[in-house]
Amino acid sequence: MNIFITATNTDVGKTYTTLKLIEYLSQKGYKVGVFKPIETGVINTPIDGKKLFDKALEYNKNLKNVSLDDIVPIQFSLPAAPIVAGDVEFDKIDKAYKKIKPLCDILLIEGAGGIKVPIKKDFYMYDFIKYFNAKSFLVVQSKLGCINDLELNLEFFSPDVWAINLYNKNFYKITYPYLKEKYKEVLIIQKDLDKITKKLGV
């Protein structure tokens with residue numbers, strides 16, 4: 001199974017969420033792999049990719065046979081959309097994916113930025129969901145403005161599950177009442193990983 005982790009925007013909590021999923025699913029007995037096809041803003045080391053790789057290695061020793069460059073095959077120094085940051089070579093992505101995929105039961109694939117980030121002409125971040133035949137998990141920030149971001153994302157595509165990354169203490173006062181009224185069930189990453197993974201089919 002592949003799970004693609006995306007978000008309503010950049011710096012919302014994709015890496016944080018993926019780290020949580022690594023721990024949770026590994027403790028359930030799954031061999032979990034990680035893959036971040038593209039990371040921008042890389043100076044010496046892909047920071048997000050390294051966090052994911054280090055955490056996954058704690059649980060899945062099969063990953064000792066791959067390198068950080070396999071986990072993050074496309075790395076650009078410019079912190080910008082991939083289409084601006086450089087030329088994305090899909091053959092490098094494919095080669096790395098084929099190396100990692102057999103080493104795990106569940107592969108967590110982390111996107112870059114939000115779902116509509118352009119990668120190449122006519123290929124956007126959301127296209128990776130179909131490209132990898134993955135379930136989709138949309139991470140939503142908890143700050144003021146998240147209703148707008150969430151609903152714009154939900155108009156554009158239908159994730160298998162979406163959940164709130166709770167880091168703003170005012171969320172339950174300023175945002176939760178509306179979301180609860182409209183969507184009935186509002187999942188929180190910090191406390192609902194059991195429900196989230198069930199919706200993903202795990």
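Predicted model: local features only at pLDDT ≥ 70, side-chain atom pairs only at ≥ 80, totals over all residues.
Colleague: Lys-50 and Asp-54 both sit in helix 2, four residues apart, or about one turn of the helix. What makes this pair a salt bridge?

Modeller: The rule asks for a side-chain nitrogen of Lys or Arg within 4 Å of a carboxyl oxygen of Asp or Glu. Here the closest N and O atoms are 2.7 Å apart, so the pair passes. Numbering runs from 1 along each chain as its sequence is written, and side-chain values use heavy atoms, leaving out hydrogens and water.

Colleague: Why are Lys-50 and Asp-54 called partly exposed?

Modeller: Buried is under 20% relative accessible area, exposed is over 50%, and partly exposed is in between, using a 1.4 Å probe and protein chains only. Lys-50 comes out at 37% and Asp-54 at 35%, so both land in the middle class.

Colleague: How many salt bridges are there?

Modeller: The structure holds 10. One of them joins Lys-36 and Glu-110, with 2.8 Å between the closest N and O atoms. Lys-36 is in the loop between strand 2 and strand 3, and Glu-110 is in strand 5, so the bridge ties together parts 74 residues apart in sequence.

Colleague: What makes Lys-36 and Glu-110 count as buried?

Modeller: Lys-36 has 3% relative accessibility and Glu-110 has 1%. Each value is under the cut-off, so both count as buried.

Colleague: Which parts does the Asp-70 and Lys-99 bridge tie together?

Modeller: Asp-70 belongs to helix 3 and Lys-99 to helix 5, so parts 29 residues apart in sequence are tied together. Asp-70 is buried, at 13%, whereas Lys-99 is partly exposed, at 41%. There's also a network: Glu-23, Lys-55 and Glu-58 are joined by salt bridges that share partners.

Colleague: Where is Lys-55, and is it buried or exposed?

Modeller: Lys-55 is in helix 2, and a relative accessible area of 17% makes it buried.

Colleague: How do you know which residues of helix 5 share a side?

Modeller: Look at the buried ones: Phe-90, Ile-93, Ala-96, Tyr-97 and Ile-100. They cover an arc of only 125 degrees around the axis, which puts them on the same side of helix 5; the arc is that of the directions from the helix axis to the C-beta atoms. Asp-91, Lys-95 and Lys-98 are exposed on the other side of helix 5.

Colleague: Which residues are closest to the centre of the largest pocket?

Modeller: Of the 23 lining residues, those are Thr-10, Asp-11, Lys-14, Asp-48 and Gly-113; lining means having an atom within 4 Å of a point. Helix 1 gives the most to the lining, with four residues.

Definitions and conventions
1 Å grid on protein atoms, 1.4 Å probe; cavity = no way out; pocket = protein on both sides within 12 Å on 5 of 7 lines; lining within 4 Å. Helix = DSSP H or I, 4+ residues; strand = E, 2+ residues; numbered from the N terminus.
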